[in-house]
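I opened my notebook to look up two things today.

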Amino acid sequence: MHRYDLISCHDCGVLHQRRPLRPREKARCVRCGSVLYRGIHSDAGRMAAITLAAVITFLIAQFFPIVQLEVGGYSTSATLLGAIRVLWMEKMQVVAAVVFVLTMVLPAVELSSLTYVTMSLRRGVRPPGFDQLLRMVGLARRWGMTEVLMIGILITIVKMTSLAQVVVQPGLYAFGALTLMLAIVVSFDPKILWNIGEHLPARGQGRVAQKPFHYAALAKGVPLLACHSCGLVESLKYKVRHQYCARCGAHLHRRHPDSVGRTWAFLLAAAILYIPANLLPVMYTHSLFGKEDDTIISGVVYFWTSGSPALAVIIFVASIVVPVLKLAALALLAWTAQRRSRWRPLQRTLLYRIVEFVGRWSMLDIFVITLTVALVRFQSLAVITAGPGALAFCAVVVLTMIASMQFDPRLIWDPVDTHGEKHV
């Protein structure tokens with residue numbers, strides 16, 4: 001057996017032996033049903049070609065205008081970077097910085113790192129910084145929100161059709177293509193790339209021998225630790241205070257330190273900020289008819305009454321329903337984990353997966369505000385600026401995402417009798 005033949009379930013901690021899969025097949029945990037890994041074509045050359053194409057598309061999307069508005073002889077257009085700059089100039093630096101990181105920095109980090117790694121693997125070489133780059137890919141993937149931005153762009157275009165003539169620009173097509181490419185890139189599991197580069201020589205060095213895992217420790221019941229970055233399973237070293245992964249250098253721990261306490265802290269902060277996020281204006285509209293304040297609720301009402309009920313439902317669900325349900329779901333998970341409850345562990349694990357998946361979509365309103373503020377700048381005719389509600393709502397989304405990441409779902413299964421199953 002190779003040292004990566006053992007795989008630990010991210011959600012419940014049960015150990016499994018990795019087996020080869022055919023394309024489009026999925027390996028699921030025998031206890032909680034979580035997807036452990038997928039059967040995909042792991043050819044490094046194919047990965048390099050797709051990621052390189054995604055990088056080129058990403059550059060086009062960032063530097064070409066997305067949409068242009070024309071009304072009363074005035075014309076405005078906006079790129080993503082230009083929209084972020086407008087937010088920054090309007091004293092909304094925190095929101096601008098968050099949008100910049102989530103839509104530009106992190107996707108750029110993921111694509112550039114994957115391109116560099118896969119092109120090196122294609123040549124049969126393990127590149128310098130291999131482990132650090134793949135860890136960065138995993139982190140960037142959890143926070144990057146290109147697909148959410150794409151939906152926000154479409155909603156903004158529909159909203160602008162009632163105010164001005166909308167002219168689609170090349171940046172919109174580039175973002176559409178980029179969203180599709182990233183859906184393919186996401187299927188490239190960094191753990192698979194780690195396994196491909198496991199036995200490859202580093203640049204300028206000879207081939208290295210594979211390091212076997214001492215399975216005698218498993219038979220003797222020695223506690224095991226699974227690396228959440230690269231997936232490597234190792235024996236617990238009692239004489240070491242802080243144990244680090246032998247492959248990627250990540251810090252190893254049996255459970256996330258202070259998981260429940262940190263979850264409660266971020267959750268309570270998000271709950272407090274949720275009130276001003278809904279009561280304070282997220283946008284101010286200055287026009288010939290005066291000044292108008294728009295809250296999240298008023299935006300939903302606007303789309304509903306203007307003949308776009310589908311968009312009204314999307315914004316209502318993403319901006320109002322999802323944050324409330326996330327707060328309630330995370331509170332339930334933290335409370336039951338704190339009490340070491342055995343109540344419906346399978347259903348609670350499923351609830352955690354849902355919370356983790358839908359959390360990013362609450363950022364939809366912030367992206368719509370960003371583009372709207374940049375586009376509607378027709379001097380004396382109409383100007384839209386961001387309001388304090390946007391800052392509060394942005395903080396709610398970020399805090400709830402951090403809260404869900406701090407929660408360790410394996411705590412759900414710790415009180416449950418595993419009937420002798422090995423778990424880490």
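I started with the largest nonpolar core, which has 104 residues. Among them, I153, F175, V185, M363 and I366 touch the most other members. Buried is under 20% relative accessible area, with a 1.4 Å probe and protein chains only. Helix α3 (residues 93-122) gives this core its largest share, 12 residues. I also found a second, separate core of 19 residues, including V14, C32, Y352 and F407.

I keep in mind that this is a predicted model: local features need pLDDT of at least 70, side-chain atom pairs count only at pLDDT 80 or more, and totals for chains, interfaces and linings use all residues. Residues are numbered from 1 along each chain as its sequence is written, and side-chain values use heavy atoms, with hydrogens and water left out.

Next I checked V185. Which residues is V185 in contact with, leaving aside its neighbours within four places in sequence? I listed I50, T51, A54, E110, L111, L114 and R141, with contact meaning heavy atoms within 4.5 Å.

Then came the sheet. Three strands form an open, antiparallel one in the order β6-β5-β7. Strands are DSSP runs of E, at least two residues, and helices are runs of H or I, at least four, numbered from the N terminus. Two strands pair if DSSP finds at least two bridges between them. β6 (74-78) and β7 (165-168) are at the edges with a single partner strand each, so one side of each has no neighbour in the sheet. β5 (residues 67-71) and β6 pair over five bridges, and Y74 in β6 is the bridge partner of V71.

Note on methods: Core = buried A, V, L, I, M, F, W, Y, C linked by side-chain atoms within 4.5 Å. Buried < 20%, exposed > 50% of the residue type's maximum accessible area, 1.4 Å probe, protein only.
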